[in-house]
Each structure stands twice: as C-alpha cells, then as structure tokens.
Amino acid sequence: MKKNLSITNWLIIANVVFFIAVYIILAFNPGFMDYISLKPADFLQGKNVWTLVTHFFMHGGFFHLFINMFILFSLGSLMEKIIGRKRFLAFYLVAGLVAGLLFVVLSGLFGATKIGAAIFGSPDVAAVGASGAIFAIAGLFVILLPKVRFAIIFLPFFSLPGYIMIPVVLALTWVASSATGLPIGNVAHLGGFLAGLVYGLYLKSKYKRKIEVLRRYFR
C-alpha cells in the first residue's frame with residue numbers, strides 16, 4: 001500500500017470501484033446482485049457465504065454510496081490516526097462481519113413475521129452497504145471522544161456530543177424505518193455500533209493514560 005494514502009481513502013476507493021464494477025456487470029447480468037448481497041435465508045443454508053464480506057463493499061445506489069463514504073471519510077480519517085492504520089483496517093473488517101452476522105441471526109430468528117421483518121429485517125430480503133462498519137467507527141468514537149460534537153449531514157448547524165447524537169440517530173432511524181417499511185439495515189447498524197463500543201472499551205482499558213490525554217486534546 002502507498003503510504004501517502006490512508007486506509008480510509010483506500011476503503012473509499014475500494015467501495016467506489018466495486019460499486020462501478022458491479023453496476024457494469026448488472027447491466028449484462030441483473031441476477032449478479034444475488035452473489036454479492038447478504039441474504040439471511042441463503043446464508044443460513046450455507047449458500048453464498050462470501051456475501052458476508054462482499055455486502056459491505058456494495059451499495060444500493062449513488063446516494064447510498066455517497067452518504068456512507070462521506071461519513072466514512074469524516075469519522076474514519078480521525079479514528080485511523082488515533083488507533084493506527086493496521087488496527088483500523090482490522091477493526092473495520094471485523095466490525096463489518098459482526099454487523100452482518102447479527103443481521104443474519106436476528107433476521108433468521110425473528111424476521112419471519114410481518115412485525116419481526118419490520119423490526120429486524122426479513123430473512124428473504126438481501127442487504128448491502130458499509131453502514132454496519134461505519135456505525136462501528138461511530139461507536140469507537142463515542143467511547144474514545146464522547147464529548148466531541150456531531151452534526152448530521154442534513155442538519156449541519158445542529159450538533160450534539162457524540163455519546164448523545166449517535167445513539168439518537170440509531171434509535172430514530174430504527175423507529176422511522178420500522179414504521180414506514182423503509183429497507184434500512186438497522187440490525188447491522190446496531191451490530192457495528194456494539195462492536196465499536198466493545199473495542200473502544202478495550203482500548204480505553206488498555207491505554208487509559210493515552211485516552212485521557214486524547215480527551216483533553218479534543219475538548
């Protein structure tokens with residue numbers, strides 16, 4: 001890897017390149033999406049198990065890609081500088097896997113009914129997107145820098161401390177999508193967020209003095 005590009009930038013490039021390549025393939029083979037999106041019913045039967053990885057490098061449209069990459073750049077750049085390149089890459093990939101697995105398990109267990117599908121997602125509906133891994137970065141941010149203020153891209157002049165803003169966004173998105181039927185991967189968001197919290201608590205325990213210095217710097 002070239003040292004002049006951060007892991008965050010490489011991840012953004014990988015997502016964009018994968019997105020373009022897949023949409024070119026889809027123009028000739030519309031069924032190709034089945035081989036890269038994560039469908040709980042198939043995964044639980046041992047089919048297309050690689051989709052546990054490929055799903056978080058694919059997005060459902062340009063707007064979906066843009067929003068996720070904007071947030072990845074905004075949060076990931078700082079977190080990568082704090083925890084280091086190699087650790088950040090491993091964290092991102094593991095968090096994406098955890099988010100996908102939680103989605104598969106909860107959707108498989110509770111998504112068969114109408115209410116269950118609205119809350120946890122239907123096992124027959126496939127998912128794509130890097131949101132799970134991105135919420136993991138947000139969860140890590142909450143633990144390491146809880147008082148740093150966050151603004152939502154659609155409300156740039158309104159901000160709250162991260163430990164308030166991120167859980168609120170997670171909860172409101174879940175409620176709104178469950179009520180309206182919007183296909184949003186709330187369980188994956190939760191799985192990633194929890195992974196970020198757990199890893200953040202680990203780092204906070206292991207590097208207590210460094211985290212204290214970091215927090216004094218980012219008031």
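Which element gives the most to the lining of the second largest pocket? The points below take up this matter and then turn to the helix contacts.

1. The model is predicted, and the remarks that follow should be read accordingly. The answer to the opening question is α10, which contributes three residues to the lining of the second largest pocket. Helix α10 spans 208-217, and α4 is the other element that gives two or more residues to this lining.

2. The second largest pocket has a volume of about 160 Å³. Its lining consists of I82, I83, R87, L144, L203, Y207, K210, I211 and L214. By class, seven of these residues are nonpolar and two are charged, with no polar residue present.

3. Helix α4 (residues 62-83) also packs against helix α1 (residues 7-28): their axes come within 8 Å and cross at roughly 165 degrees. Because angles over 145 degrees count as roughly antiparallel, α1 is described as roughly antiparallel to α4. The crossing of α1 past α4 is right-handed.

4. On the α1 side, the contact with α4 is made by I7, T8, N9, L11, I12, N15, V16 and F19. The α4 side supplies F62, L65, M69, L72, F73, G76, S77 and E80. Sorted by class, this contact comprises 10 nonpolar, five polar and one charged residues.

5. Helix α1 packs against helix α5 (residues 85-110) as well, at an angle of about 40 degrees and with the axes 10 Å apart. The two helices are therefore oblique to each other. Here I7, T8, L11 and N15 of α1 meet R85, F88, L89 and Y92 of α5. The class count for this contact is five nonpolar, two polar and one charged residues.

6. The contact involves F135, A138 and V142 of α7 together with G162, Y163, I166 and L170 of α8. By class, six of the contact residues are nonpolar and one is polar, and none is charged.

How values were computed:
Residues are numbered from 1 along each chain as its sequence is written. This is a predicted model: local features need pLDDT of at least 70, side-chain atom pairs count only at pLDDT 80 or more; totals for chains, interfaces and linings use all residues. Side-chain values use heavy atoms; hydrogens and water are left out. Axes are lines fitted to C-alpha atoms, for helices over the stretch in contact, and angles run from 0 to 180 degrees between N-to-C directions. Helices (H or I, at least four residues) and strands (E, at least two) are DSSP runs, numbered from the N terminus. Angles under 35 degrees count as roughly parallel, over 145 as roughly antiparallel, 65 to 115 as roughly perpendicular and the rest as oblique. A crossing is left-handed if the near helix is turned anticlockwise from the far one by less than a right angle, and right-handed if clockwise. Contact means heavy atoms within 4.5 Å. Ala, Val, Leu, Ile, Met, Phe, Trp, Tyr, Cys and Pro count as nonpolar, Asp, Glu, Lys and Arg as charged, and the others, Gly among them, as polar. On a 1 Å grid over the protein atoms alone, a cavity is a set of points where a 1.4 Å probe fits but cannot get out, and a pocket is an open set with protein on both sides within 12 Å along at least five of seven lines; lining residues have an atom within 4 Å of a point. Grid points are joined across faces, edges and corners, and a volume is the space filled by probe spheres set on the points.
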